[in-house]
Amino acid sequence: QINEAEVVAFSVPSYACQRRIALDHHNTVLADALSLLAENAELSDEDGRGVAFRRAAAVLKALPRQVTSMAQLKGLPCLGGHSLRVIKDVLDNGASDEVESTKRSERYKALKVLTGIFGVGAKTAARWISEGIHTLQQLQASGHTLNRAQQAGLEHYDDLNQPVTKAEADAIGEIVEKAVVSVLPGAQVTLTGGFRRGKLAGHDVDFLITHPEEGREEGLMPKVVSWLVKQGFLLYQKTTRNSYLESKDGPAQPPSNIDRFERCFSIFKLEKQATKQAEMPEDSCSFGAHRQVEGDDTCLQTDPQSCSLSPIQTGGLCRRASSEEGQLEETEPAGHKPWRAVRVDLVVSPVSQFAFALLGWTGSKLFERELRRWAGYEKAMSLSSHALYDNNQGRYLRAASEEEIFAHLGLEYIPPSERNA
Ligand code: DGT
Ligand code: MG
């Protein structure tokens with residue numbers, strides 16, 4: 001029996017960028033429940049609700065111990081009525097009805113399947129669902145014209161929905177490094193995104209490229225990309241040009257949050273040989289990689305070794321999506337394909353903006369959002385992946401390191417491994 005009066009309430013600062021959040025924390029079940037509702041809101045194009053649940057989850061991740069009673073949560077920031085109901089449900093019953101029914105809902109499942117296609121966002125998925133399209137087969141039968149990204153996304157669906165391991169990220173890092181120094185000696189490659197925060201798996205691999213001499217990085221991306229294309233490393237790529245200096249609002253105006261770096265969204269062809277030494281994940285057949293279609297127990301996984309379904313359930317075959325035939329085709333099971341597709345994001349930054357780009361591309365997404373909110377509301381500053389503008393002083397604040405940016409913002413420095421909000 002808990003005496004509510006004796007319970008010591010937890011306390012955390014209001015902004016996630018003021019907290020140290022490691023990958024491991026004490027409230028995984030609660031945070032996962034809220035994260036699922038956040039994901040569902042984001043997939044439903046309700047970003048406001050999504051952020052509210054993400055913020056609530058980030059508060060729970062920051063607590064020093066496991067939550068065992070509602071009284072401990074009294075006075076904590078970012079916990080709205082809805083999040084508190086979910087938490088109470090989990091504490092009382094071991095699970096939240098809302099979370100469980102969301103997971104089971106046809107709409108959520110369809111949104112997951114369709115947005116699992118690279119190049120398909122929440123809006124496109126919602127449109128397709130309104131036309132009765134819930135599965136990859138239905139999409140292919142619908143005769144919808146897919147853009148180049150979506151075609152590639154469908155073609156490499158299984159691979160791209162299988163988490164990227166740290167070993168694979170490192171193998172790709174070596175290739176990117178080789179490409180970059182081949183076309184511009186002295187240029188530097190930094191692993192960013194979730195892997196820089198210490199994650200062991202991710203949905204893509206993010207790299208930031210710069211050169212210590214300002215200006216030398218100009219025009220670098222097309223050269224890197226053509227080197228990679230020539231060597232056969234790219235299955236897909238789309239490069240967007242840097243428009244920061246030439247944009248209408250220009251550097252004299254506080255930069256918007258829209259990124260204007262030279263950026264390449266790509267799909268790498270990674271030889272399995274390259275990561276052979278590395279340990280492969282034990283169970284890569286989690287929801288996301290392992291797609292159950294048409295409500296049956298067929299797995300869309302190409303690699304049967306990573307499929308937990310029995311041969312009876314799969315009929316001894318794993319099926320692969322093929323955009324060419326517009327049909328699902330049956331293929332042989334096996335580790336037949338000596339390579340796998342991996343999503344890779346490349347960004348080139350001038351060295352003068354490198355610290356801002358590094359901070360901006362390391363994440364987590366909520367941590368970034370909270371940094372910008374802190375800057376704006378608490379400091380009257382505008383932070384982007386390019387610069388920090390002080391509205392009171394009417395000038396840009398320079399920084400050569402992430403530590404300097406935190407100092408400008410009046411925040412305690414938080415290392416990447418503790419930015420897992
Ligand atoms: P994951 O899902 O395992 O890849 O996890 P993350 O944390 O690597 O997430 P990701 O790859 O979507 O993004 C990495 C960070 O890069 C994220 O915290 C925010 C930032 N980011 C992503 N897209 C953009 C963008 O278009 N502009 C800017 N400024 N930042 C972006
Ligand atoms: Mg990433």
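Predicted model: local features only at pLDDT ≥ 70, side-chain atom pairs only at ≥ 80, totals over all residues.
Reader: Which residues are buried in helix α6?

Author: Burial is judged by relative accessible area, with under 20% counted as buried. In α6, which spans residues 122-130, the buried residues are Ala-122, Thr-124, Ala-125, Trp-128 and Ile-129. Viewed down the helix axis, these buried residues fall within an arc of 165°, so they line one face of α6. Lys-123 and Ser-130, on the other side of α6, are exposed.

Reader: Against what do the buried residues of α6 pack?

Author: They pack against α1 (28-43), α5 (106-115), α7 (136-142) and α8 (148-155).

Reader: How many aromatic pairs does a search of the whole structure find, and what describes such a pair?

Author: A pair of aromatic rings is described by the distance of the centres and the angle of the planes. The search finds six aromatic pairs. In one of them, the rings of Tyr-15 and Trp-374 have centres 5.2 Å apart and planes at 90°, so this pair is edge-to-face. It links distant parts of the chain, 359 residues apart: Tyr-15 belongs to the segment before α1, and Trp-374 to helix α15 (residues 365-379). Tyr-15 is buried at 7% relative accessibility, and Trp-374 is buried at 10%.

Reader: Is the pair of Phe-367 and Phe-406 stacked, edge-to-face or tilted?

Author: This pair is tilted, with 6.4 Å centre to centre and 45° between the planes. Phe-367 lies in α15 and Phe-406 in α16 (residues 402-408), so the pair ties together parts 39 residues apart in sequence. Both Phe-367 and Phe-406 are buried.

Methods. Residues numbered from 1 in each chain as written. Chains lettered and ligands numbered in written order. Heavy atoms only, no water. Buried < 20%, exposed > 50% of the residue type's maximum accessible area, 1.4 Å probe, protein only. Helix = DSSP H or I, 4+ residues; strand = E, 2+ residues; numbered from the N terminus. Arc of directions from axis to C-beta. Contact = heavy atoms within 4.5 Å. Phe/Tyr/Trp six-rings, centres within 6.5 Å; stacked < 30°, edge-to-face > 60°.
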